[in-house]
Amino acid sequence: MRLAGTLLLLVVLVPAPPAAAVVKIGSKSFTENYILAEIAAQAIEATGEAVERRLGLGGTGITYRAVAHGSIDVYPEYTGTISRTILKDPAADSPEAIRARLRSQGLTISAPLGFDNTYALAVRDDLARRLKLTRISDLTRHPELRAVFSSGFLERDDGWPGLRRQYGLRLADVRVIEHALAYQALAASAADLTDIFSTDGRLTRPGLAVLRDDRRFFPAYAAVLLARVDFVERDPGAWAVLERTLVGRIDAATMARLNARADLDGRSVRQVASGFLGREVSDADERARLTRELASLTLDHLLLVAAAVLSATVVGVPLGILAARRAVLGHAELMAVGVLQTIPALALLCFMIPLLGIGTLPALVALFLYALLPIVRGTYTGLATLDRQLLEIADVLGLGRWRRLARIELPLASVNVLAGIKTSTIWTVGTATLAAFVGAGGYGTLIVRGLALDDVTTILAGAVPAALMALLFHGLFEVLDRVLIPRGLRVVMARPA
Amino acid sequence: MIAVHHVSKRYGATVALDDVSLEVASGTTHVLLGSSGAGKSTLVRVILGLVAPDAGEVLVDGVAVTPAPRRHLVGGVGYVVQEGGLYPHLTAGGNVRLPAEAAGWPGEHVARRMSELAALVELHDGVLRRYPAELSGGQRQRIGVMRALMLDPPVLLLDEPLGALDPIVRAGLQTELRRIFAALGKTVVLVTHDVREAVLFGAAITLLRNGKVVQQGTFAELAQRPVEPFVTDFLLAQAPPAELRAYF
C-alpha cells in the first residue's frame, strides 16, 4: 500500500517532462473512430512529425478524461456526445456553443468533418421502391411494416419512444433484436425496418435504404476533432494539417464506405486510412507490420504482468504477514483487498485518469491492485493455519520473532504463498488485456480492435498468445515450486495420506 | 529446581488448572500423570512461560517465569513433544542445529555437540541428513530429544514424548530415556497418561484430575495409601488383566 501511495505521489508531484514534438492521438474502440484517428495520425506523420497512437481506448469516459488530463492531444468525437455525455447539457448542441463551453477546460473542437453518426431508420430497398418510402413520415401510411430494433434504440428517449411520439407512428409489429442480426432478418425478409447508424458500412451494400429524418428528430452527432487548446497553440502546423485533411472532407457516404472497407472487406484500419489519403498498403506489408506489432505487444504484456505481480508480491506478502499477526487489522485488510476486486476494471481505470493519465502507469496500478488479493490471502492462509505447537517450540528454542518468521513460518507457508502468487500471475495475464482500454498496449490491443472490427482473426491474434502466456507462467511456477518449496515439505506432500 | 506455587488457569468457563502446587528437586524426574484434559499439558506450558497463569507463580532455579521476558529461559529448559515436534522443511540435523544457530554458536562447536548427542541417542549421521517425513516414529522422537538437549539445559520438559509410538518401540525408548536422564543428571518433568511409564520414570508422581492435584508421592505411596478411590481406579485401569498375568 505504501509503495502504491508513493507511486501515486511521485506521479502527482513530478510534472511530466515537456514532451518533444509528438502528437498524441487517441480513439475510442469502434471502427469509425479508429479510422478517423488513424487518418489523422498518418496525415501528421506524412509531414515528418512524430505521432503517438493511443487507439481503442475504452469509451467516452476514458477518452475525455485522457484529453482533459493531457495524456492525448486530440481524438475524434461527436457533438451530441460532447453536449449530452461530457457537458451534460443537451441544449449546447451547436459547434460554437460547444467550443465556448469547452474553453474553460482547456479544450476545443474543430469544425465538423462533414457527416453525422446518429440513429437512422433503414428499410429493405425493394420495399422502399415499391411503397415509395423516402422519409420517416412516410411510415405513417404503412402501420403494417414489421420493425426490429436494438434494445438500446427501443429504450432510449432519443430512440424509438421519442421518434414514435414526434412522428405519430403506429407500427403493429415491433420486436427487439441483437443489432448484428437485424441485417440478416431484413435480408431474409423476416422484417422490414430497423434502426441503424447513419454511417454503417452496410448502407453501402444493396438491400437497405435509409429514410430521411424529415422532422429532425434525431439529435445531431456531427463528427469533430476534440483537442487540447495547448496542443492547437503549441503546434498550429499539425492542427492545420488535421483541419485540411479531415474538416468538411468526409460526408456520410464516404464514412460509410470507409467503415465498409474495414468491417465488411476485412482491410486493416491502417490500410483503410492510407487508402483515404491516396496511398495503398499491400496485404503483405500489412501482415509484416502486424507481426512486428505482435512482438512489441508481447513485450508490453509481459512487462505489465511481471511488474504488476512483482510489486504485488513485494507489498502483498508483508500485508499477509501483518494480517496473520493482528486479527482485527487482518480482517479489515482482507476485506479492503477483497473490495478492490469488486471494482470493475474499466471504472477503476477511469477513476485513475485524472491522477495518472492513461498509458502504462494507470494500467500497472490497476493490475497491481487486482493482483494483491490472491497473494495477501495466500500468505495469510499459509501463516494462519500453521501448527501452533511448532511455533511455540520455536519460541522455546529461542528463535526470536524475525528468525522464527524467516526460518520457520515463511518456509512452512511457502506452498500457500507461492500458490497465491501463481494464481495472481495467471489472473494478471488475463486482466492485463484490459490495459488496452487505457492505451497501455499488450494483447488486449488486438482483442479490442478485433471486437470493434468484428474480425475474429485479430481477436484470436490477441487471445491465443495471452492464453499461451498463461500456460507459460504455469510451467514456470511448476519449476519455481521445485526451487522455492523446501524439499522436506515436498516429501510430506508426496507421501500417500 | 522447579517450584510451582498455587497456579490456576481457566479458559472461559473451563478450568484448566486449579490451585496446583508441586516441587521438583534438581536432578530428579517428576511425572505428571492423568487422563487427557486433566491439565498436564497446560501445566507444562505454564512452566515453559508459554501461558501466563491467572494466579500463582512458577520459579525455575528461583527465578519467576512469565511469558513476556521468557528469553532468560532459553538454554535453560528443553522441550520435547509427541512425535518430536520437528519442522518438516528442515532435515533432522537442521532441526537439531536450530537452537545453536539462534544462540550464535560457532560451526565447529555445533558439529561437536551434534556428534556427542547422536552417540547419546544412538543415531548415525545418515539419519541426520533425512527429512522428518523420511524417519520412523522412534527416530523422530530421538531427534526431538537431541534438539531439546542441544544447548545442554539443566531442565527438560517432556509432554507425552512417547505417546505416538507403537508399544515395543515405546518400551525400548522408555528404557533408553531413563538411562539418558540418569547419565546427564537433568531435572525432568514428564507428562504421561501411561501408568507403566510413570512407574519407570517417576521418583515422584503428581496425579491430576480436572485441573486439580489428586495426590502427590511415590508410586508406592499412591498404590498403598490412595487418598481417594479414583487413585486406585486410575492405576488399575491400565494394569494387565489377571487372565494375561496367569501366563507369565
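Student: In which loop of chain B does B:Glu122 lie?

Tutor: In this predicted model, B:Glu122 has a phi near 60 degrees, a positive value in a residue other than glycine. At 53% relative accessibility the residue counts as exposed, because the cut-off for that class is over 50%. As for its place in the chain, B:Glu122 lies in the loop between α3 (107-121) and α4 (125-128) of chain B.

Student: In which strand is the place of B:Asp19?

Tutor: B:Asp19 is not a glycine, and yet its phi is positive, at about 55 degrees. With a relative accessible area of 42%, B:Asp19 is partly exposed. The element that holds B:Asp19 is strand β2 (residues 14-24) of chain B.

Student: What area is buried between chain A and chain B?

Tutor: The size of an interface is often given as the accessible area lost when the parts come together. Here the contact draws 23 residues from chain A and 23 residues from chain B. In chain A, the residues that lose the most area to chain B are A:Val396, A:Leu397 and A:Arg407, which together make up 28% of what that side buries. Carbon and sulfur atoms give 62% of the area buried between the two chains, and that area is about 2300 Å².

Student: Which residue of chain A forms a salt bridge with B:Glu101?

Tutor: Side chains of opposite charge can pair when their charged atoms come close. Across the interface of chain A and chain B, the rule finds three salt bridges. In the one that involves B:Glu101, the closest N and O atoms are 2.7 Å apart, and the partner is A:Arg407.

Student: Which element gives the largest share of the side of chain A that touches chain B?

Tutor: Five residue pairs in polar contact, both residues at pLDDT 80 or more, are found across the interface of chain A and chain B. On the side of chain A that touches chain B, the elements that give two or more residues are α18 (388-396), α19 (400-431) and α22 (487-494) of chain A. That side has, by class, 13 nonpolar, four polar and six charged residues. Its largest share, seven residues, comes from α18(A).

Student: How many residues apart are A:Glu38 and A:Arg53, whose pair links distant parts of the chain?

Tutor: The side chains of A:Glu38 and A:Arg53 meet in a salt bridge, with 2.9 Å from N to O. A:Glu38 counts as buried at 2% relative accessibility, whereas A:Arg53 counts as partly exposed at 23%. A:Glu38 belongs to helix α2 (residues 31-46) of chain A and A:Arg53 to strand β2 (residues 50-57) of chain A, and the two are 15 residues apart.

Student: Which residues are linked with A:Glu38 in a network of salt bridges?

Tutor: A:Arg53 also meets the side chain of A:Glu45 in a salt bridge, at 2.9 Å from N to O. A:Glu45, at 32% relative accessibility, counts as partly exposed. The residues linked with A:Glu38 in the network are A:Glu45, A:Arg53 and A:Arg270.

Student: Is A:Arg228 buried or exposed?

Tutor: A:Arg228 forms a salt bridge with A:Asp230, the closest N and O atoms being 3.1 Å apart. At 35% relative accessibility, A:Asp230 counts as partly exposed. A:Arg228 has a relative accessible area of 14%, and because buried means under 20%, A:Arg228 is buried.

Terms used
Residues are numbered from 1 along each chain as its sequence is written. Chains are lettered from A and ligands numbered from 1 in the order in which they are written. This is a predicted model: local features need pLDDT of at least 70, side-chain atom pairs count only at pLDDT 80 or more; totals for chains, interfaces and linings use all residues. Side-chain values use heavy atoms; hydrogens and water are left out. Contact means heavy atoms within 4.5 Å. Buried area is the accessible area (1.4 Å probe) that two parts lose on being put together, summed over both. A salt bridge is a side-chain nitrogen of Lys or Arg within 4 Å of a carboxyl oxygen of Asp or Glu. A polar contact is a pair of N or O atoms within 3.5 Å; within protein, one must be able to donate a hydrogen and the other to accept it, and residues adjacent in sequence count only if both atoms are side-chain atoms. Helices (H or I, at least four residues) and strands (E, at least two) are DSSP runs, numbered from the N terminus. Ala, Val, Leu, Ile, Met, Phe, Trp, Tyr, Cys and Pro count as nonpolar, Asp, Glu, Lys and Arg as charged, and the others, Gly among them, as polar. Buried means under 20% relative accessible area, exposed over 50%, partly exposed in between (1.4 Å probe, protein chains only).
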